[in-house]
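Colleague: I am new to this structure. Could you walk me through how to read it?

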Amino acid sequence: MTWDLELRGVTKRYDGGGAPAVDAIDLGVESGEFIALLGPSGCGKTTTLRMVAGFVVPSAGRILLRGVDITDVPPHRRDMGMVFQNYALFPHMTVRGNIEFGLHSHKVGKEETARRVARALGLVGLTAFEKRYPRELSGGQQQRVAVARVLALDPKLLLFDEPLSNLDAKLRGQMRHEIRKLQKEIGVTTLFVTHDQDEALTMADRVVVLNQGRIEQIGTPVEIYEHPQTRFVADFIGTSNFLAGSVSGGGDDPVFTTPGGLRVALTGSPAREASGVLAIRPEKIEFVESDVPDRIEARISDVTRLAGMIEYVLTLHTGDAIMIREQRRPGVEERASGALVAVRWRPQDVRFFAG
């Protein structure tokens, strides 16, 4: 398969030794695909993006754009557009001036510049704001100018470095939708760096989860959330309950057992005996009646009421603690701290991680 962007064993080591900032990353990105690089601070996602952009030189590995090796090509010749976290707008230039600047640098003709600027302004909905200065715009509008400036260059690859982190929560949600809609409309291949899992899961075609310079998992948002391949992914993406214990039985009937004696049937687990942790999402656990088969008895030890849901912390009869999240809606009983309850979950909704 021919990738639009391909990273082959890309590594970055900084002076001073120690672990590499990016450790032998292999990644292929399809044409028009939206890829989110997701992970905690220091995981290597921004370094990876800057190596793709040409601002950081890899210590090893190769970077290919549409089959052409660009590892040693300077940034201004890579035909990419990058939107920075702080927007990097020129305060003394109007919206139009900011967008035109890059085109002038690339020696684009006057008529073509006018056409591209008009198109870019139209795409981001700022045609009526072309004579304003950055100080006269809201944070969201400044973000759109930064995007328009890049789009006017007709880049082969669009790069975002945590572009929404300076916006308030409501505006951040709005800009997620606008950027994704725009990206689909123009069909440009996109790399989007973020530490915000909601951004990654709602915007990306595929998510690359990074940890300590290495790729933990690559998959669609559903695959990443529903089928985490490592404990790190299960812990970093969303919220999971973790129960320590061991697997026995193997074969067709593996059983996970905690030190307190809780026994949980598993599917797709190791055929051999192994110690590790069992992970289950809070929303995968349900309250059931006291006479339901396979129920687990528990007592509610804490209740937290949130805007749209209620979080319950339960102490199981074995002494193990778990959390349940339940949507707040008419007809759903709100339970009190101290109440005796019964819960249940499906074997296919749990994940076992050895080690």
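Modeller: We will take the sheet, then the helix pairs, then some loop residues. Keep in mind that this is a predicted model.

Colleague: Let us begin with the sheet. How many strands form it, and in what order?

Modeller: Read a sheet by strand order and pairing direction. Here four strands form an open sheet, ordered β2-β1-β4-β5. The pairing is antiparallel.

Colleague: Which strands are at the edges?

Modeller: An edge strand pairs on one side only. In this sheet, β2 (22-29) and β5 are the edge strands.

Colleague: How many bridges join β1 to β4?

Modeller: Strand β1 covers residues 5-12, and five bridges join it to β4. The two strands run antiparallel. Take leucine 7 as an example: its bridge partner in β4 is isoleucine 63.

Colleague: Which helix packs on the sheet?

Modeller: That is helix α1, residues 45-53. Helix α1 touches β1, β2 and β4. The direction of α1 makes about 120° with that of β1.

Colleague: Now the helix pairs. At what angle do α2 and α4 cross?

Modeller: For a helix pair, look at the distance between axes, then the angle. The axes of α2 (residues 95-105) and α4 come within 8 Å. They cross at roughly 30°. Angles under 35 degrees count as roughly parallel, so α2 and α4 are roughly parallel to each other. Their crossing is right-handed.

Colleague: Which residues meet there?

Modeller: From α2 come Val95, Asn98 and Ile99. From α4 come Val145, Ala148 and Arg149. By class, the contact of α2 with α4 has four nonpolar residues, one polar and one charged.

Colleague: And α3 with α4: how do their axes cross?

Modeller: Helix α3 spans residues 110-124 and helix α4 spans residues 139-151. Their axes come within 9 Å and cross at roughly 140°. An angle has to be over 145 degrees to count as roughly antiparallel. The pair α3 and α4 is therefore oblique. This crossing, too, is right-handed.

Colleague: Which residues make that contact?

Modeller: On the α3 side, Ala120, Leu123 and Val124 take part. On the α4 side, the residues are Arg144, Val147, Ala148 and Leu151. The contact of α3 with α4 divides into six nonpolar residues, no polar ones and one charged. Note Ala148: this residue of α4 takes part in the contact with α2 and in the contact with α3.

Colleague: On to the loops. What is the phi of arginine 66?

Modeller: Phi of arginine 66 is near 50°, a positive value in a residue other than glycine. Arginine 66 lies in the loop between β4 (60-65) and β5 (68-69). Its relative accessible area is 45%, so arginine 66 is partly exposed.

Colleague: Where does aspartate 294 lie?

Modeller: Aspartate 294 is in the loop between β15 (286-288) and β16 (296-305). Phi of aspartate 294 is near 65°, again positive in a residue other than glycine. Is aspartate 294 buried or exposed? At 68% relative accessibility, aspartate 294 counts as exposed, because the cut-off for exposed is over 50%.

Colleague: Finally, where is arginine 77 found?

Modeller: Arginine 77 sits in the loop between β5 and β6 (80-83). Its relative accessibility is 62%, so arginine 77 counts as exposed. Arginine 77 and alanine 53 are 24 residues apart in sequence, and 9.9 Å apart in space, C-alpha to C-alpha.

Definitions and conventions:
Residues numbered from 1 in each chain as written. Predicted model: local features only at pLDDT ≥ 70, side-chain atom pairs only at ≥ 80, totals over all residues. Heavy atoms only, no water. Axes fitted to C-alpha atoms, helices over the stretch in contact; angles between N-to-C directions. Parallel < 35°, antiparallel > 145°, perpendicular 65-115°, else oblique. Left-handed = near helix turned anticlockwise from the far one by under 90°. Contact = heavy atoms within 4.5 Å. Nonpolar A, V, L, I, M, F, W, Y, C, P; charged D, E, K, R; others polar. Buried < 20%, exposed > 50% of the residue type's maximum accessible area, 1.4 Å probe, protein only. Pairing = 2+ DSSP bridges.
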